[in-house]
Amino acid sequence: MAQIAITQFNDLSLVRQGKVRDIFDTGEALLMVTTDRLSAFDVVLPDLIPDKGKVLNQISVFWFKKMESIVKNHIITTNVNEYPDEFKPHKDILDKRSMLVKKADPLPIECIVRGYITGSGWSSYKKEGQVCGIRLPAGLKESDKLMEPLFTPSTKAEVGDHDINISFDETINLIGRTRAQELKDLSLEIYKKGAEYAFSKGIIIADTKFEFGLLDGKIILIDEILTPDSSRFWPLNDYEPGRGQNSFDKQYVRDWLIASGWDKKHPGPKLPQDVIDRTSNTYKEIYTRLTGENV
Ligand SMILES: Nc1ncnc2c1ncn2[C@@H]1O[C@H](COP(=O)(O)OP(=O)(O)OP(=O)(O)O)[C@@H](O)[C@H]1O
Ligand SMILES: [Mg+2]
């Protein structure tokens, strides 16, 4: 079973390393590689989760295709045989866990959509009855489904900092009214379509984040889409408003980490093999549920 931590292609130019993905600049395009790294509580853990990167990459590919009628996306190809020659020696590592994408100019807005009230949204609702400046009806319980999904944009903070929520007016100031409205409409439409589909497969997508970029003056969808890394996935069968929900993908890891007494600071602890195995299987199950296929 191929597991990858860091894609070390000495002769190729790594331009960015996120918590989970490594990005190479091919000149014309970008190659996005999803590794098997796992982050929990914002710390990248020392263990790898076998096949997690393949699952995440292929979930994005699945959704990008499904959303093509709504918005174009950055994918050039996911077929390793069509990658630039310099990547061909690394075909086996790259297969299924990478995509060659068009270089876009990322818009400086994180397009967050919330369909359920949880996390920071729940904290702010409890305190002030509103989420990112949007007033909500009284009497909502934690994890309740919202009447309508909310678009709550943020701006990217510097590396290591939390993103900063902004109002829709501030979004307009940053990118102009037409673009801001376009991002809002697209984000809500994609979320609704994705969440409805996932629900039919027993998965609640409670909230998510999209990124868009400009290519030849037009808005396209970039980055990753509706993956458990960019969204909160909850198993529908134990959904119950009035409490926090289990994470479909990371619950075993979180439970184990909390029980271990870890202080949530770098470095994270090694995980027991059964937690690694169960987590790997859970990612594969999510993929199979969504797509009907095996990884
Ligand atoms: N097609 C594209 N063109 C240009 N930039 C892109 C494209 N797709 C994604 N990006 C950018 O690549 C970066 C991906 O970074 P990545 O998600 O791996 O790490 P991160 O967001 O810094 O951290 P995290 O690991 O927390 O997600 C983002 O800045 C995103 O805007
Ligand atoms: Mg990211």
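Analyst: A polar contact is a pair of N or O atoms within 3.5 Å; within protein, one must be able to donate a hydrogen and the other to accept it, and residues adjacent in sequence count only if both atoms are side-chain atoms. This is a predicted model, in which local features need pLDDT of at least 70 and side-chain atom pairs count only at pLDDT 80 or more, while totals for chains, interfaces and linings use all residues. Residues are numbered from 1 along each chain as its sequence is written, chains are lettered from A and ligands numbered from 1 in the order in which they are written, and side-chain values use heavy atoms, with hydrogens and water left out.

Under that criterion, a backbone N or O atom of Asp-223 lies 3.1 Å from a nitrogen atom of ligand 1. Oxygen atoms of ligand 1 are also approached, at 2.7 Å by a backbone N or O atom of Lys-19 and at 2.5 Å by a polar side-chain atom of Glu-211. Of the 620 Å² of accessible area that ligand 1 has on its own, the protein covers 82%, where accessible areas come from the Shrake-Rupley method with a 1.4 Å probe and, for residues, only the protein chains shown count as cover.

The shell around ligand 1 holds 17 residues, the closest being Arg-16, Lys-19, Arg-21, Lys-102 and Glu-211; a residue is near a molecule if one of its heavy atoms lies within 4 Å of it. By class, seven of these residues are nonpolar, two are polar and eight are charged, with Ala, Val, Leu, Ile, Met, Phe, Trp, Tyr, Cys and Pro counted as nonpolar, Asp, Glu, Lys and Arg as charged, and the others, Gly among them, as polar. Strands S2 (21–25), S3 (29–34) and S7 (98–102) each supply at least two residues of this shell, strands being DSSP runs of E with at least two residues and helices runs of H or I with at least four, numbered from the N terminus.

A cavity is a set of points, on a 1 Å grid over the protein atoms alone, where a 1.4 Å probe fits but cannot get out, and lining residues have an atom within 4 Å of a point. The lining of the largest cavity includes Arg-21 and Asp-223, and helix H1 (52–66) gives the most to that lining, with three residues.

Notes
On a 1 Å grid over the protein atoms alone, a cavity is a set of points where a 1.4 Å probe fits but cannot get out, and a pocket is an open set with protein on both sides within 12 Å along at least five of seven lines; lining residues have an atom within 4 Å of a point.
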